[in-house]
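Trainee: Could you take me through this one? I'd like to know what lies behind each label.

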Amino acid sequence: MAEKNKGRLTKVLDYLKYDDPFSKGVSFCPGCGLELLLRFIPRVLGNDIIITGTPSCSAPVLLGQNKQSWHTLSYFGTLMTGAAANATGLVRYYKKAGIDNTVVCFNGDGTANDIGFGNLSGAAERNEPFIYICYDNEGYMNTGIQKSGTTPYGATTTTTPYGTVHKGKNLRRMNLGVKMAMNKIPYTATATLSDLEDLAKKLLKAKKAKERGFCFLHVFAPCPTGWGANPADTIEICRQAVKTNYFPLWEAENGKIRMTKTVKKPKPVSSYTKLMKKFNHMTDADLQILQDDVEYETCLLGGLSVLEAECQLPVSAQD
Amino acid sequence: MNTTAISSNIQVITGNAAAAIAAKLARPDVVAAYPITPQTEVIEQISSFHASGEMDCELITVEGENSAMNAVMAASLAGGRVFTASSSWGLVFMYDAVLATAGARAPVVMVNVNRETPGIIAVSSGQQDMISTRDAGWIFLIAENCQEIMDLVLQSYRLAEDYDIQLPVMVHYDGFFLSYLSEGVEIPAQETVDQFLSVLESQPKRTMLRPGEKLGVGTHGILGGYMELRHKHVTAMERSKAKFDAIDQEFADIFSRSYGGQLEEYLTEDADMVLVGSGSMCGTIKSVIDEQREKGVRIGLVKIRMYRPFPHQALVKALKGKKAIGVVDRSLAFGFDGGPIYTELKAFETKLGGAKLVSFIDGIANTDITKTNVKQMIQMTADLADGKDVPEVTWVSYPKANKDKGEK
Ligand SMILES: Cc1ncc(C[n+]2csc(CCOP(=O)(O)OP(=O)(O)O)c2C)c(N)n1
Ligand code: SF4
C-alpha cells in the first residue's frame with residue numbers, strides 16, 4: 001500500500017516543474033483548499049504567469065500588503081466586479097504588442113458565479129485568450145462565510161443560518177462549470193485537490209488551449225473554517241465529493257463534455273456531508289433533497305456528454 | 001518645436017465624430033466601450049474605422065461599461081495607450097472601476113458625453129454625471145464646441161501619459177447640444193498629431209505590468225503606504241494644472257489654436273463683471289457678451305476647461321478685483337445654496353478682493369440656456385455689482401423655484 005501511494009506521488013511530482021513562488025508561511029487558515037491550489041498552479045504553469053485576484057480569501061496573500069508581497073509573481077489585484085474584464089484588457093494589449101503571456105484570473109465562487117459573472121460571461125463570448133480559475137469554497141469566506149450562488153442546499157452560512165423558520169440555504173446551488181462549458185469555449189474543466197494529477201493535466205491543457213481562446217477551470221476547494229471541518233480532512237472531503245458525485249470531474253473541449261473520472265458506484269451524499277458541520281442539522285428528508293439534486297446534476301451531465309458527442313459545432317464557431 | 005503645418009482638413013462633423021476621429025489620430029492600442037445615448041456614435045465610428053482597417057487597435061466590444069473601464073485600465077497598466085467613451089448611467093455603472101483606475105494611476109483617456117442621471121431616465125443634457133464623479137481622482141476637462149472636443153482629446157494623451165502626471169483624464173462635453181451638433185472642425189494631419197504626441201516617447205518608461213517582471217499592481221494598502229500613495233496622487237493632480245497650461249501653449253505652436261489652459265478668459269481684462277461657465281453654454285454667453293459690450297456693459301467670461309483638479313489659483317487670479325461674479329451651473333449640489341461650481345468657488349471668496357458672487361442654475365435636462373437667459377444672468381450680475389439686492393441662487397428657466405421654497 002505504501003509503495004503504491006509513493007508511486008502516485010512521484011507521478012504528481014513530475015508535473016511540478018517550477019519553484020513555489022510563495023513564501024513558506026502565509027496567512028491562510030490551516031487546511032485551506034485555496035492555498036494548496038494557489039501554490040500548485042505556478043508550480044505547474046510556471047512563474048511567468050500573470051495572476052489577477054479580487055478581494056477574497058486569496059487576496060491577503062495574492063495581493064500583498066503596501067509595498068510587500070508574499071510571492072514573486074506578477075499580479076494584478078483588482079475588484080470583485082471586473083476581474084475577467086481586467087484580464088481581457090491585459091491579454092488584448094499583450095496581443096497588440098506581441099508579448100507572449102499566460103494570464104490566470106484566479107477568483108472565488110462569489111466573484112465568478114455572482115458579482116463578477118457578467119464580465120466572466122462576456123469574456124467567454126468574446127473567447128478572450130486567458131485562463132479563468134474559480135476556486136469554489138461555496139460561499140463568501142473572506143467577509144465571514146455568507147451564502148453564494150454555489151452554496152449547496154441545506155448548508156448553513158451566516159446569511160443562511162439555522163433558525164426556527166429557515167434551516168440553512170433553501171435554494172439549490174448553481175452549476176458554474178456546466179454554465180461555462182455551454183459557451184463552447186475551447187476548454188472547460190472541473191478539478192479538485194484529491195486528484196492532483198488530473199488537476200495538473202487540466203492546467204496544462206488549459207495553458208495550451210488558451211492559444212485558441214477562453215479557458216475555465218472550476219476547482220472544488222474546501223474551506224475548513226467556514227464549513228466546520230477538520231483541517232486535516234481537506235483532501236478527504238475532496239475525495240468524498242468526487243466519490244459521491246457531489247463534484248464530478250470532467251472536461252469539455254468546445255463544449256463537448258467528457259468525464260475524466262467515472263464513479264461506478266457513487267456513495268450516498270451523506271458520506272460527504274458528514275465530514276463537516278455545515279450540514280449537521282439536516283434531517284434525512286433534507287439530505288434526500290440534496291441527494292436528488294446531486295443525481296439530477298449527474299444525470300444532466302451524462303445527458304449533455306452524450307448529446308454533445310453527437311453534435312458538431314460549426315468550425316467557424318470554434319475559434 | 002517644429003511648427004511646420006502639415007495640411008489639415010476642415011470637415012463638418014458632429015461632436016461625437018470629433019471625439020472618435022481624435023481617438024483614431026492618437027493611435028490607441030486598445031479601445032473598449034459600450035453604447036449609450038448620446039455617446040453611441042463615438043463607439044460606432046470607431047468600430048467602422050476598425051472594420052475598414054483605418055484604426056489598428058484591439059477593439060473590445062464589452063458586455064457593459066464596467067468592463068470597458070476595467071479592460072482599458074488593465075491594458076493601460078500593461079503599457080498600452082487606451083480609449084473609452086461613455087455617458088450618464090454608463091459612467092455610473094463603471095464607477096468602481098473609475099475609482100480603481102485613478103488609484104492605480106492608469107493613464108486612461110475617455111470622453112464622457114454629459115447627460116442627466118436622475119430617477120426618471122432623462123435622455124437629456126446636464127452635467128450631473130460629471131459632478132457625481134468629480135472626486136474620483138481623475139483629471140476632468142470640459143469642451144465648449146466640436147473643435148475643442150477634438151483638441152482636448154489629443155491634449156489629454158499628453159497630460160495622462162506624461163511621466164510626471166500618470167493620471168486618467170476624462171474629456172466632458174454636453175450631450176445633445178454638442179454630441180449631435182455638426183460644425184466645421186479642422187482635423188489635423190496624422191503626422192502633426194504624431195509629432196505632438198512624440199514627446200511622450202522621449203520620456204522615461206513608466207512601470208508596466210508585464211509577464212515575468214514581478215510587478216504587483218493594486219496591493220492591499222492598509223498601513224502608511226496608503227497615505228503615501230494618496231498624497232502622491234493629490235500632488236500629481238496639482239502638477240497637472242501647470243502641465244495642462246504648458247501643453248496648451250505647445251498645442252498652439254503646432255496647431256495654431258490656443259484656449260488658455262485651465263481657463264479660457266473672454267474679455268475679462270477690463271471687465272467689472274464676469275460670468276463663470278463651462279461647456280457649450282460658453283458659446284452662447286460669448287455671443288451675448290459681444291452684444292452687451294456694444295452697449296458699453298463691461299462683462300467678460302471665464303470658461304472652466306479643467307474642472308478637476310479645481311483650478312482655484314487660476315480662478316482667483318482671473319476673478320480678483322471684479323465687482324460681481326455670476327456662476328452658471330448645469331448641475332446641483334444638494335444641501336448647498338447654489339450649484340456645485342458656485343459652491344466650490346465660494347470657498348475662495350475671501351481671496352477675490354471683495355467680489356460678490358451669485359449662483360445661476362440652468363440648462364438642466366435639456367433646458368436650453370438661451371441668449372435671453374444669459375441676458376437675464378448678466379442683468380442680475382450687473383445689479384449685484386451696483387449693490388442691489390439679488391437672490392443668491394436663481395433657477396433661470398424655472399422661476400417657480402425662486403419663489404416657492406416649500407414645494408413638495
Ligand atoms: C463590490 C464589492 N462588494 C462587496 C465586497 C466585500 N467582499 C470582500 S471579499 C467578499 C467575498 C468574496 O467571496 P469569493 O469571491 O467567493 O472569495 P472567498 O472570500 O470565498 O475566497 C466580499 C463580498 C467587495 N470587496 N466588493
Ligand atoms: S476562511 Fe476558508 S477559504 Fe478563507 S482562508 Fe480560511 S480556510 Fe481558506
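**From labels to numbers**

Mentor: Let's start with B:R105, which sits in the loop between α5 (95-103) and β5 of chain B. Helices here are DSSP runs of H or I with at least four residues, strands are E runs of at least two, and both are numbered from the N terminus. Keep in mind that this is a predicted model: local features need pLDDT of at least 70 and side-chain atom pairs count only at pLDDT 80 or more, while totals for chains, interfaces and linings use all residues. Residues are numbered from 1 along each chain as its sequence is written, chains are lettered from A and ligands numbered from 1 in the order in which they are written, and side-chain values use heavy atoms, leaving out hydrogens and water.

Trainee: Why is B:R105 called partly exposed?

Mentor: Its relative accessible area is 22%. Buried means under 20%, exposed means over 50%, and partly exposed is in between (1.4 Å probe, protein chains only). So B:R105, at 22%, counts as partly exposed.

Trainee: What is the phi of B:R105?

Mentor: Near 55 degrees, a positive value in a residue other than glycine. A:N127 lies in the loop between α6 and β4 (131-136) of chain A, and its 16% relative accessible area makes it buried.

Trainee: What makes A:K261 and A:D195 a salt bridge?

Mentor: The rule asks for a side-chain nitrogen of Lys or Arg within 4 Å of a carboxyl oxygen of Asp or Glu. Here the N to O distance is 2.7 Å, so the pair qualifies. The two residues come from distant parts of the chain, 66 residues apart, with A:K261 in the loop between β8 (256-259) and α11 (270-273) and A:D195 in the loop between β5 (187-192) and α8 (196-209). A:K261 is partly exposed at 36%, whereas A:D195 is buried at 11%.

Trainee: Where do A:R239 and A:E236 lie?

Mentor: Both are in helix α10 (residues 234-243) of chain A, three residues apart, about one turn of the helix.

Trainee: How many residues apart in sequence are the parts tied together by B:E344 and B:R134?

Mentor: 210, since B:E344 lies in helix α12 (residues 340-346) and B:R134 in the loop between α6 and β6 (139-142) of chain B. The salt bridge has an N to O distance of 2.9 Å. B:E344 counts as buried at 15%, and B:R134 as partly exposed at 21%.

Trainee: How many salt bridges are counted between chain A and chain B?

Mentor: Four. One salt bridge joins A:R126 to B:E63, with the closest N and O atoms 2.8 Å apart. Over all chains, the search finds 45.

Trainee: How much area do chain A and chain B bury between them?

Mentor: About 3,000 Å², with 57% of it on carbon and sulfur atoms. Buried area is the accessible area (1.4 Å probe) that two parts lose on being put together, summed over both. On the chain A side, A:N66, A:Y93 and A:K96 lose the most, together 23% of what that side buries. The contact (heavy atoms within 4.5 Å) takes 38 residues from chain A and 42 residues from chain B.

Trainee: Why is A:L301 called buried?

Mentor: Its relative accessibility is 4%, and that falls under the 20% limit. A:L301 lies in helix α12 (residues 284-310) of chain A. Leaving aside neighbours within four places in sequence, A:L301 is in contact with A:V178, A:P248, A:W250, A:I257 and A:M259.

Trainee: Buried or exposed: which is B:I121?

Mentor: Exposed, because 63% is over the 50% limit. B:I121 is found in the loop between β5 (109-114) and α6 (128-132) of chain B.
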